[in-house]
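Me: I am new to this structure and would like to go through it in questions and answers. Please show it to me.

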Amino acid sequence: MPELPEVEAVKRVVEPQIRGRRIQRVTAHNPKVIARPGAEEFCRLVQGQTFSTVDRRGKFLTLHLESGDRFVLHLRMTGNLLPTPGGHPQEKHTHLVFTLDDGSELRYIDLRRFGRFWLLRAGEEDCFTGIDRLGPEPFDPAFDAAYLAGQLARRKRAVKECLLDQSIVAGIGNIYADESLFAARICPTRPANTLTQEEVARLARQIPAILRAAIQGKETSPEEYLASGGRNYRGSSFFQVYGHGGEPCPACGAPLCRTVIGGRSSVYCPCCQLPLTKER
Ligand SMILES: [Zn+2]
């Protein structure tokens with residue numbers, strides 16, 4: 001599933017390609033991806049409007065229109081937002097096509113079809129998408145050790161489950177929870193309320209650092225992005241532990257363990273990320 005760095009990569013590559021472009025026509029091959037309003041009304045309201053800026057909040061994208069209307073989009077498991085030149089061969093699982101005034105298109109492609117679009121009118125309050133229930137962005141000054149300590153102290157769940165809770169911090173999924181906990185040398189199964197102050201401080205420092213590095217690593221050109229069908233931003237070459245269960249830990253060489261936490265596959269180093277608090 002695309003997480004904060006992947007969604008940020010999509011925002012950065014898509015925004016300059018659609019900004020200022022007028023939507024001539026919208027074709028909904030699969031109305032299911034439009035959550036609000038109905039597909040027909042969605043297409044009618046959007047036709048003739050002009051794209052403005054694109055914002056990211058957690059794993060959500062907001063595509064602003066010059067009128068003040070906006071779409072909110074969640075890519076969920078396999079969604080791709082792909083600007084293409086006119087006449088570019090259409091990928092399988094293309095559900096929505098915005099035809100733009102220069103003949104290019106903005107396409108929504110989604111193998112599993114869990115991604116959703118919501119259209120909100122100018123000034124309309126968002127109580128539909130879930131954005132209003134998100135916790136702070138990891139780069140927000142409000143996300144600091146004191147904030148995280150307060151959140152973790154009243155929870156007995158595994159610390160990894162807390163990092164996946166979008167109401168505690170927005171944008172982290174399975175990949176960057178594992179990567180952040182490895183960087184902070186904290187075992188993902190540790191009950192959140194057993195972390196020491198020092199551990200919480202390390203985690204609050206590592207989360208934005210890991211996400212920033214991932215965003216940098218995912219920078220892509222429009223050409224590369226198009227050639228990959230909008231998928232190359234999911235590259236994983238720099239992951240330290242995620243997807244590397246059974247391989248040697250990059251820090252100490254011990255075999256990385258794989259376990260399941262809250263139904264999610266998790267990888268950690270049993271030596272660097274001790275399950276119990278210990279003086280180091
Ligand atoms: Zn290790």
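The questions below take up a metal site, a helix and some positions from a record.

Me: What kind of model is this, and how are residues numbered?

Reply: Side-chain values use heavy atoms, without hydrogens and water, and in this predicted model local features need pLDDT of at least 70 and side-chain atom pairs pLDDT 80 or more, while totals for chains, interfaces and linings use all residues. Residues are numbered from 1 along each chain as its sequence is written.

Me: Which arrangement do the four donor atoms around the zinc ion have?

Reply: The zinc ion is coordinated by the SG atoms of Cys-249, Cys-252, Cys-269 and Cys-272, at 2.2 to 2.4 Å. Donors are N, O and S atoms within 2.8 Å of the metal (3.2 Å for Na, K and Ca), and water is not among the atoms, so sites may look incomplete. Four donors count as tetrahedral if all angles lie between 85 and 135 degrees. The angles here are 102 to 113°, so the arrangement is tetrahedral.

Me: How many residues apart in sequence are the parts that Cys-252 and Cys-269 tie together?

Reply: The donor residues follow the spacing C-x2-C-x16-C-x2-C. Cys-252 lies in the loop between helix 7 (222–227) and strand 10 (257–261), and Cys-269 in the segment after strand 11 (264–268), so the pair ties together parts that are apart by 17 residues. Helices (H or I, at least four residues) and strands (E, at least two) are DSSP runs, numbered from the N terminus.

Me: Is Cys-269 buried or exposed?

Reply: Buried means under 20% relative accessible area, exposed over 50%, and partly exposed in between (1.4 Å probe, protein chains only). Cys-252, at 42%, is partly exposed. Cys-269 has a relative accessible area of 0%, so Cys-269 is buried.

Me: Which helices do the buried residues of helix 3 pack against?

Reply: Helix 3 (residues 145–153) has the buried residues Tyr-147, Leu-148, Gln-151 and Leu-152. They fall within an arc of 120° seen down the axis, so they line one face of the helix; the arc is that of the directions from the helix axis to the C-beta atoms. The face turned away carries the exposed residues Ala-146 and Ala-153. By contact (heavy atoms within 4.5 Å), the buried residues pack against helix 4 (159–164) and helix 6 (197–217).

Me: How far apart are the farthest two C-alpha atoms of the "binding site" residues that UniProt lists?

Reply: The unreviewed UniProt entry lists His-93, Arg-112 and Arg-155. They span 63 residues in sequence and do not all gather at one spot, because the farthest two C-alpha atoms are apart by 40.6 Å.

Definitions and conventions
Four donors count as tetrahedral if all angles lie between 85 and 135 degrees; four count as square planar and six as octahedral if opposite donors are over 155 degrees apart and all others between 65 and 115; anything else is irregular. UniProt positions are given in the numbering used here, feature names are shortened, and annotations may be inferred rather than shown by experiment.
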